[in-house]
Amino acid sequence: MTNVERVCAFLDEAQTYYLATVEGDQPRVRPFGTALVYEGRLYIQTGRVKAVSRQIAANPKVELCAFHEGKWLRLAGELVDDDRREPKKAMLDKMPMLRGMYSEDDGNTQVLYFQNAVATIEGFGAAKETLEL
Ligand SMILES: Cc1cc2nc3c(=O)[nH]c(=O)nc-3n(C[C@H](O)[C@H](O)[C@H](O)COP(=O)(O)O)c2cc1C
């Protein structure tokens, strides 16, 4: 399993992670659930109309955190907007519940991938693991 696959599997198992952005000098955080490995990269999904999307456009540095089975994963890096149809389709195919709200061609669906990203996985009494994506 690649590091990207490991991080995605952790996020899938946790089901919910919390994505932090910055807006000026103010951190913002909200629950997210989308995660996909596509072309070897970790993608997430949002809507262009959302504040989170505007914050990422202004400053692509984000961090997310998920907790599952006694371990927490943090992933910090930059998000790159990928406006191609194929990764949007792959995301909606993996998470068909999203199709109630989104489609590949709605002009709102946005997928972004992590670059220059580092994940850490920690647990009480467990050695901290560092994974470069
Ligand atoms: C469990 C859970 C998972 C969610 N996953 C996502 C997601 O992957 N992408 C997304 O854009 N919104 C997702 N949402 C909705 C966002 O949390 C919500 O739209 C939030 O207000 C967006 O942040 P913003 O208000 O700063 O733009 C999820 C909500 C919940 C409760």
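Q: What makes E5 and E13 stand apart from the buried side of α1 in this predicted model?
A: E5 and E13 are exposed residues, and they sit on the face of α1 that is turned away from its buried side. The buried residues of α1 are V4, V7, C8, F10 and L11. Viewed down the axis of α1, these buried residues fall within an arc of 155 degrees, so they line one face of the helix.

Q: Why would residues three or four places apart in an α-helix point the same way?
A: An α-helix has 3.6 residues a turn, so residues with that spacing point the same way.

Q: How do you know that the span of α1 agrees with its number of residues?
A: Helix α1 covers residues 3-14, which is twelve residues, and at 1.5 Å a residue it should span 16 Å. Its end C-alpha atoms are 17 Å apart, which agrees with that expectation. The residue that follows α1 is Q15, whose phi is positive, near 70 degrees.

Q: How do you know that the buried residues of α3 line one face?
A: The buried residues of α3 are P87, K88, M91 and L92. Seen down the axis of α3, they fall within an arc of 135 degrees, so they line one face of the helix. The face turned away from that buried side carries the exposed residues R85, E86 and D93, while what covers the buried residues includes β3, β4, β6 and β7.

Q: Why is K94 called partly exposed?
A: K94, which lies in helix α3, has 16 C-beta neighbours inside 10 Å. A residue is buried at 20 or more and exposed at 12 or fewer, so a value in between counts as partly exposed, and K94 is therefore placed in that class. The C-alpha atoms of K94 and T34 are separated by 9.2 Å, although the two residues are 60 residues apart along the chain.

Q: Why does A66 count as buried?
A: A66 belongs to strand β5, residues 61-68, and has 24 C-beta neighbours inside 10 Å. The cut-off for a buried residue is 20 or more, so A66 counts as buried. Leaving aside neighbours within four places in sequence, A66 is in contact with F10, L11, A14, Y17, W72 and L73.

Q: Why are E39 and N116 called exposed?
A: E39, in the loop between β3 and β4, has 12 other C-beta atoms within 10 Å, and N116, in strand β7, has 12 C-beta neighbours inside 10 Å. Because a residue is exposed at 12 or fewer, E39 is exposed and N116 counts as exposed. E39 also has a positive phi of about 50 degrees although it is not a glycine, and phi of N116 is near 50 degrees, a positive value in a residue other than glycine.

Q: Which residues touch the most other members of the largest nonpolar core?
A: The core has 31 residues, and V7, L42 and Y43 touch the most other members. Strand β7 gives the largest share of this core, seven residues. Not counting residues up to four places away in sequence, L42 touches V4, V7, C8, A35, V37, Y113, F114 and L133.

Q: What makes up the shell around the ligand?
A: The shell divides into four nonpolar, six polar and three charged residues, and β2 gives the most to it, with four residues.

Methods: Residues numbered from 1 in each chain as written. Predicted model: local features only at pLDDT ≥ 70, side-chain atom pairs only at ≥ 80, totals over all residues. Helix = DSSP H or I, 4+ residues; strand = E, 2+ residues; numbered from the N terminus. Expected span 1.5 Å × (residues − 1). Arc of directions from axis to C-beta. Nonpolar A, V, L, I, M, F, W, Y, C, P; charged D, E, K, R; others polar. Core = buried A, V, L, I, M, F, W, Y, C linked by C-beta atoms within 7 Å. Contact = placed C-beta atoms within 7 Å.
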